[in-house]
Amino acid sequence: MADIPFELQGRRVFVAGHRGMVGSALVRRLARENVELLTLPRSEVDLRDQTAVNAWFARKRPHVVFLAAAKVGGIAANDKLRAEFLYDNLAIAANVIHAAYVGGADKLMFLGSSCIYPRLAPQPLREDSILTGPLEHTNEPYAIAKIAGIKMVEAYRSQYGADFISVMPTNLYGVGDNYHPEYSHVVAALIRRFHEAKVSGAKNVVVWGTGAPRREFLCVDDLADACIHLMKTYSGDEPVNIGTGEDITISDFARLVATVVGYIGGISFDPSKPDGTPRKLLDIEKITKLGWRAVTPLAEGIALAYRAHLDR
Ligand SMILES: NC(=O)C1=CN([C@@H]2O[C@H](COP(=O)(O)OP(=O)(O)OC[C@H]3O[C@@H](n4cnc5c(N)ncnc54)[C@H](OP(=O)(O)O)[C@@H]3O)[C@@H](O)[C@H]2O)C=CC1
Ligand SMILES: C[C@H]1O[C@H](OP(=O)(O)OP(=O)(O)OC[C@H]2O[C@@H](n3cnc4c(=O)[nH]c(N)nc43)[C@H](O)[C@@H]2O)[C@@H](O)[C@@H](O)C1=O
């Protein structure tokens with residue numbers, strides 16, 4: 001088992017998914033760590049391809065792996081592309097975790113998600129509530145694949161003594177988010193919709209669902225900082241939640257985004273669209289005790305994400 005604190009300096013660090021929102025934030029944050037960064041475009045190796053993944057790991061032998069590659073999307077993408085969310089995420093997790101073990105990586109971090117917890121688990125969601133009840137239907141395939149990744153990490157730790165860990169980020173937003181009109185998460189969807197309404201002078205913007213669900217939102221640059229902190233300081237079986245410890249209803253959140261964007265028209269709700277999990281607030285006691293907390297206030301983070309969206 002590696003010593004704590006774990007040194008990143010001078011090591012070959014592979015960020016899987018470096019072009020994504022999380023992976024690119026990790027690359028920005030790692031620029032302060034004096035590491036040898038390894039990245040791998042999907043055009044070169046599709047991480048679902050076991051043979052290609054094994055060959056790449058055998059050649060490059062990364063010391064450290066951040067597994068931030070995944071098939072990712074908002075509630076509609078998860079609900080409609082159920083086969084892809086299950087297959088892609090199972091294959092990516094299985095291939096990368098196993099290849100990191102065979103290739104002798106010193107440490108690996110697997111990124112799960114707050115949606116792995118049971119739909120009606122007690123709030124705030126503690127790490128030990130995993131597998132204590134039924135999952136939310138809209139993202140069950142994604143959650144099952146992520147739970148398989150978490151269990152691989154646990155099993156490779158216990159059987160092989162590999163220093164692999166899992167983290168559970170809450171809902172993320174920020175630079176590099178996906179603004180697909182149907183398949184994005186709520187933050188990007190609302191930034192885009194309110195901006196387009198402001199520009200066109202539309203009188204109303206429709207927000208999906210009832211507006212009643214509660215979500216916790218974390219800026220991706222805070223998440224990247226938490227991942228580096230945990231890579232250096234945490235080595236344990238249980239996943240670690242990464243969040244702010246605060247949540248907000250979707251209706252209040254929609255008003256906040258409208259204010260940040262400068263949209264002054266009406267807002268209505270479409271209850272024919274799914275609400276998803278009623279509430280997802282992470283218990284952050286563990287990461288707080290490990291010495292980390294989020295620093296970006298929500299309104300400030302949304303303003304930052306909006307500016308980045310306009311600059312694209
Ligand atoms: N966004 C969120 O709100 C949350 C995200 N997470 C987790 O964080 C991680 C990153 O998410 P995020 O950055 O938002 O997602 P993105 O969709 O922004 O990025 C995903 C990355 O994975 C890569 N990828 C996907 N499939 C493959 C494949 N078959 N082969 C190679 N590369 C692939 C993509 O490559 P390409 O650029 O070529 O498409 C992209 O770089 C995921 O594990 C996700 O579960 C957890 C909680 C919340
Ligand atoms: C990160 C997490 O992301 C997914 O879960 P989710 O938390 O439900 O994510 P979401 O951002 O898509 O929605 C949050 C809430 O917001 C409401 N909502 C309103 N209006 C829009 C809207 O326009 N788009 C979207 N997407 N949602 C909207 C929406 O109805 C829901 O009540 C998981 O599938 C899973 O993949 C996962 O890990």
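Reply:

The 21 residues of helix 5 should span 30 Å at 1.5 Å a residue, and the end C-alpha atoms are 29 Å apart, which agrees. The expected span is 1.5 Å times one less than the number of residues in the helix. Helices (H or I, at least four residues) and strands (E, at least two) are DSSP runs numbered from the N terminus.

The model is predicted: local features need pLDDT of at least 70, side-chain atom pairs count only at pLDDT 80 or more, and totals for chains, interfaces and linings use all residues. Residues are numbered from 1 along each chain as its sequence is written, while chains are lettered from A and ligands numbered from 1 in the order in which they are written.

Helix 5 covers residues 140-160 and contains Tyr142. An unreviewed UniProt entry lists Tyr142 under "active site"; such annotations may be inferred rather than shown by experiment, and their positions follow the numbering used here, with feature names shortened. Tyr142 counts as buried because it has 28 C-beta neighbours inside 10 Å. The term buried requires 20 or more other C-beta atoms within 10 Å of the residue's own, exposed means 12 or fewer, and partly exposed lies in between, with C-beta atoms placed from the backbone. Neighbours within four places in sequence aside, Tyr142 is in contact with Asn78, Phe85, Asn89 and Cys115, contact meaning C-beta atoms, placed from the backbone, within 7 Å.

Tyr142 is one of the buried residues of helix 5, the others being Pro141, Ala143, Ala145, Lys146, Gly149, Ile150, Met152 and Val153. These buried residues pack against helix 3, helix 4, strand 4 (107-111) and strand 5 (164-169). After helix 5 comes Gly161, with a positive phi near 70 degrees.

Helix 3 gives 3 residues, the largest share, to the shell around ligand 2. In total, 25 residues surround ligand 2, and Asn78 is among the closest; a residue is near a molecule if its C-beta atom, placed from the backbone, lies within 6 Å of it. Helix 4 (82-102) supplies at least two residues of the shell around ligand 1, as do helix 1 (21-30) and strand 6 (171-173). The largest share of that shell, 3 residues, comes from helix 1. Ligand 1 is surrounded by 24 residues, the closest including Gly17 and Arg19.

Technical notes. Contact = placed C-beta atoms within 7 Å.
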